[in-house]
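Here are my notes for your review. Please read them with the model open.

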Amino acid sequence: MRGPALVAIAMTGALTVAGCAKDTGDTGSGQAGEGGGECVTAEAPPRAASSSRQSQVPADVDASDLRVGLAYDVGGRGDASFNDAAAAGADRAEAELGVAEVSESTAVATEDETAKAQRLQQLADQGFNPIVAIGYAYAPALSEVAPKYPDTEFAIVDDDSVDAPNVTPLVFAEEEGSFLVGVAAAYKSENCHVGFVGGVNTPLIQKFEAGFVQGAKAVSDNITVERDYLTPAGDISGFNDPGKANVVASSQIDKGADVLYHAAGASGKGMFEAAAANDALAIGVDSDQYKQDTVSDVKDVIMTSMLKRVDVAVFDYIAALAQDDLESLPERFDLSVDGVGYSTSGGMVDDITEELDGYKQQIVDGEIEVSATPQG
């Protein structure tokens, strides 16, 4: 941890919001009611003390000399997920810190590394500083471009492999937040059967799967978990294919899954639509998807979302840069700094928040270690 100064920036004001294997566990038949049903076999954790956090950003932070460039991943602003969360952080920096200008550019599924490098270079040539690359797919391009612009500050979300003095990694404990929504899924499943839909089969997305499965199994010895990916590593179309997600999610529901969780970017809308059409529940990702306009027609099935606070990380980064204090950022945005979490919009998990917060506290205290790689 580099320091706590900015790790909790405006958690209360932040957007309340960016290989196919099947687990063959026994299927239970419990009805999930208040506090859990027959599927739940584990004793609930102790009640956690309140840990609400207040903003630690000085009121006089001035970012009016910053022109921020955002290089989005596939889907861009409007994906109701990962990119939208980043956009929210930049929007907030404009409103609260006085950022002079924000320029946005979006990747397409078919582009190569040259196109990504050109996007970053174009933003740098136009004088934008800092430039935030949204997604690990920018790592090779950033490794090439950053040394050419030593006076420009860069950040990259979801990657810490770029070794350059002017590049700041913004990485998260996705597995920890996914553990909590796995717990929620087990508590709310009537069939004791849940599902995970990943966009692209990469180590990053496997972190979501790993935490979700571990959380569900921490609650129930009887739960069955379906796990599928839309595309293999290297094919990023899995993050922008709602139709394929609908087909995969519908197949999981046909097998008995009644609570589905996605880590598939804009493809997630297809999973939500499948849940709505088949009387299942769904769990969103990155942003509070219950509140996203682009999925408003199916929001009633979204029982919670795993909040990956890309919005907070982007805002914190801009604020830290404005104060010339990048060392104050956390090395990883995890549960201990509320860098990940879960949403309560819609009220469908209100009856189990005590249990969820209990598990959260056990993770923060080190009593539960969440794996970042799928187990079994």
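1. Buried means under 20% relative accessible area, exposed means over 50%, and partly exposed covers the range in between. Asp 324 has a relative accessibility of 72%, so this residue counts as exposed. Keep in mind that the model is predicted.

2. Asp 324 also deserves a backbone check. Its phi is positive, about 75° being the value for Asp 158 and about 55° the value for Asp 324. Neither residue is a glycine. Most residues other than glycine have a negative phi, and most peptide bonds are trans. Asp 324 is in the loop between helix H8 (310-322) and strand S12 (340-342).

3. Asp 158 sits in another loop, between strand S5 (154-157) and strand S6 (167-170). Is Asp 158 buried or exposed? Its relative accessibility is 11%, so Asp 158 counts as buried. Asp 158 is also one of the residues that line the second largest pocket.

4. The bond from Asn 129 to Pro 130 is cis, and its omega is near 15°. Pro 130 belongs to the loop between helix H2 (113-125) and strand S4 (131-134).

5. How many disulfides does a search of the whole structure find? The search returns one. The disulfide joins Cys 39 to Cys 192, with an S to S distance of 2.0 Å. The torsion about the S-S bond is about 65°, so the disulfide is right-handed. Cys 39 is in the loop between strand S1 (21-22) and strand S2 (67-72). Cys 192 is in the loop between helix H4 (174-188) and strand S7 (193-201). The pair therefore ties together parts that are 153 residues apart in sequence. Both Cys 39 and Cys 192 are buried.

6. Next, helix H5. This helix covers residues 203-219, which is 17 residues. From first C-alpha to last, H5 reaches 25 Å, close to the 24 Å expected at 1.5 Å a residue. H5 is mostly covered, with 12 of its 17 residues buried. Among the buried ones are Leu 204, Lys 207, Glu 209, Phe 212 and Val 219.

7. The second largest pocket has a volume of about 240 Å³. Which element gives the largest share of its lining? H5 does, with three residues. The lining includes Pro 203, Leu 204 and Lys 207. Also in the lining are Asp 158, Asp 159 and Asp 160, along with Glu 174 and Arg 332. Tyr 136 and Phe 172 are among the lining residues too.

8. Now the rings. A search of the whole structure finds five aromatic pairs. In one of them, Phe 196 and Tyr 229 have ring centres 5.8 Å apart and planes at 70°, so the pair is edge-to-face. Phe 196 is in strand S7 and Tyr 229 in strand S8 (residues 224-232), so to speak distant parts of the chain, 33 residues apart. Phe 196 has a relative accessible area of 0% and is buried. Tyr 229, at 7% relative accessibility, counts as buried.

9. Phe 212 and Tyr 261 form a tilted aromatic pair, 5.0 Å centre to centre with 40° between the planes. This pair also links distant parts of the chain: Phe 212 is in helix H5, Tyr 261 is in strand S9 (residues 259-263), and they are 49 residues apart. Phe 212 and Tyr 261 are both buried. Phe 196, Phe 212, Tyr 229 and Tyr 261 form one aromatic cluster.

10. Two arginines lie over ring faces. Arg 67 is over the face of Phe 128, at 4.1 Å from the ring centre. Arg 92 is over the face of Phe 315, at 3.6 Å from the ring centre.

11. Last, a contact across the chain. Lys 308 is in strand S11 (residues 302-308). Its relative accessible area is 1%, so Lys 308 is buried. The C-alpha atoms of Lys 308 and Gly 341 are separated by 6.8 Å, and the two residues are 33 apart along the chain.

Methods:
Residues numbered from 1 in each chain as written. Predicted model: local features only at pLDDT ≥ 70, side-chain atom pairs only at ≥ 80, totals over all residues. Heavy atoms only, no water. Disulfide = S-S within 2.5 Å. Helix = DSSP H or I, 4+ residues; strand = E, 2+ residues; numbered from the N terminus. Buried < 20%, exposed > 50% of the residue type's maximum accessible area, 1.4 Å probe, protein only. Expected span 1.5 Å × (residues − 1). Phe/Tyr/Trp six-rings, centres within 6.5 Å; stacked < 30°, edge-to-face > 60°. Lys NZ or Arg CZ within 6 Å of the ring centre and 35° of its normal. 1 Å grid on protein atoms, 1.4 Å probe; cavity = no way out; pocket = protein on both sides within 12 Å on 5 of 7 lines; lining within 4 Å. Points joined across faces, edges and corners; volume = space filled by probe spheres on them.
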